[in-house]
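Thanks for coming, everyone. Please look at the screen.

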Amino acid sequence: ALDAQGRIAAFDARIAVPSVAASFFARNLPLIAPSPDSASAGAIEGADSIPYATSAFRAVHVPVEQPVPLGFWRSVGHSFTAFFVESFVDELAAAAGVDPLRFRLAHLAGAPHHAAVLKAVAADAGWDRPSPPGLARGVALHESFGSIVATIVEAGVKDGAVVVPRVFVAVDCGRAINPDSVRAQLEGATIQGLDAALNSTLRFAEGMAVERNFDTYPLLALDRSPVVVTRIVASDRPLGGMGEPGLPPAAPALANALAAATGVRARRLPLGATYA
């Protein structure tokens, strides 16, 4: 809900999702496996709190069992909750009639580190300059594993296919002990996140996965991978992780860019199916 000034008055998230921990431990360590029907903040990590100021906030996990066995994936719950939250923040910005970057900054007065990362990536991407012809920019901001990452994606649809020429990523991970490794993790996580957002889907037939190897499971090939520009924001925050935080903002930043470029908002992954 937005108030009369176009600010977030209340944010209420209700997420129906299986528990990865319950599925994984039931197969591997059944004696300590949590109940699959027990709600857990860990199952909706990344949506259990948001950096944006709001008068009221609630996030609820509704456990839903699925027959497909689940395992841990890069950034775990953050991988999908960032898509929900940051796509919806763009929709709130549109409802308020405010630029999505400025809408976020207006709600980050109490989160200066988040605001600094967002401003850094906006400067690198030239947010205030016109986008290249046929493309639009989308932004997303997410904190996971102690690190704050902001991503801006340039994307559009050409000849029936999604194109992503450039991506800009900024991170506050505390002190960057090995900057080259930080940049490599940001690049790899961004590509993996874009790949999942564009292509990755699994179908099941007669109890078996249809996509069982890379000949039937599409990946983002080198000729379709974007240039990834990274920035490490100097910070005095405690050390954060770097293996996973680059992935969560990739999908919503791409979704927001494609919504701006086409006027069509996709709320279902993979995005490639919507815009093909």
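**Pockets, core and rings**

By class, 22 nonpolar, seven polar and two charged residues line the largest pocket. Here Ala, Val, Leu, Ile, Met, Phe, Trp, Tyr, Cys and Pro count as nonpolar, Asp, Glu, Lys and Arg as charged, and the others, Gly among them, as polar.

A word on the source. This is a predicted model, where local features need pLDDT of at least 70, side-chain atom pairs count only at pLDDT 80 or more, and totals for chains, interfaces and linings use all residues. Residues are numbered from 1 along each chain as its sequence is written, and side-chain values use heavy atoms, with hydrogens and water left out.

Back to that pocket. A pocket is an open set of points on a 1 Å grid over the protein atoms alone, where a 1.4 Å probe fits, with protein on both sides within 12 Å along at least five of seven lines; lining residues have an atom within 4 Å of a point. The largest one has a volume of about 1300 Å³, meaning the space filled by probe spheres set on the points, which are joined across faces, edges and corners. Of its 31 lining residues, Leu70, Trp73, Ser79, Phe80 and Ser200 are closest to the centre. Helix α2 gives the most to this lining, four residues. Helices (H or I, at least four residues) and strands (E, at least two) are DSSP runs, numbered from the N terminus.

Now the second largest pocket. Its volume is about 290 Å³. Among its 14 lining residues, Phe11, Phe83, Phe84, Val85 and Phe88 lie nearest the centre. Again α2 supplies the largest share, six residues. The lining divides into nine nonpolar, one polar and four charged.

How are the rings of Phe11 and Phe88 arranged? Their centres are 5.9 Å apart and their planes at 75°, so the pair is edge-to-face. The cut-offs: rings of Phe, Tyr and Trp (its six-membered ring) pair if their centres lie within 6.5 Å, with planes under 30 degrees apart stacked, over 60 edge-to-face and the rest tilted. Phe11 sits in strand β1 and Phe88 in helix α2, 77 residues apart. Is Phe11 buried or exposed? Phe11 counts as buried, because its relative accessibility is 7%. Phe88, at 39%, counts as partly exposed. Buried means under 20% relative accessible area, exposed over 50%, partly exposed in between (1.4 Å probe, protein chains only). Phe11, Phe57 and Phe88 form one aromatic cluster.
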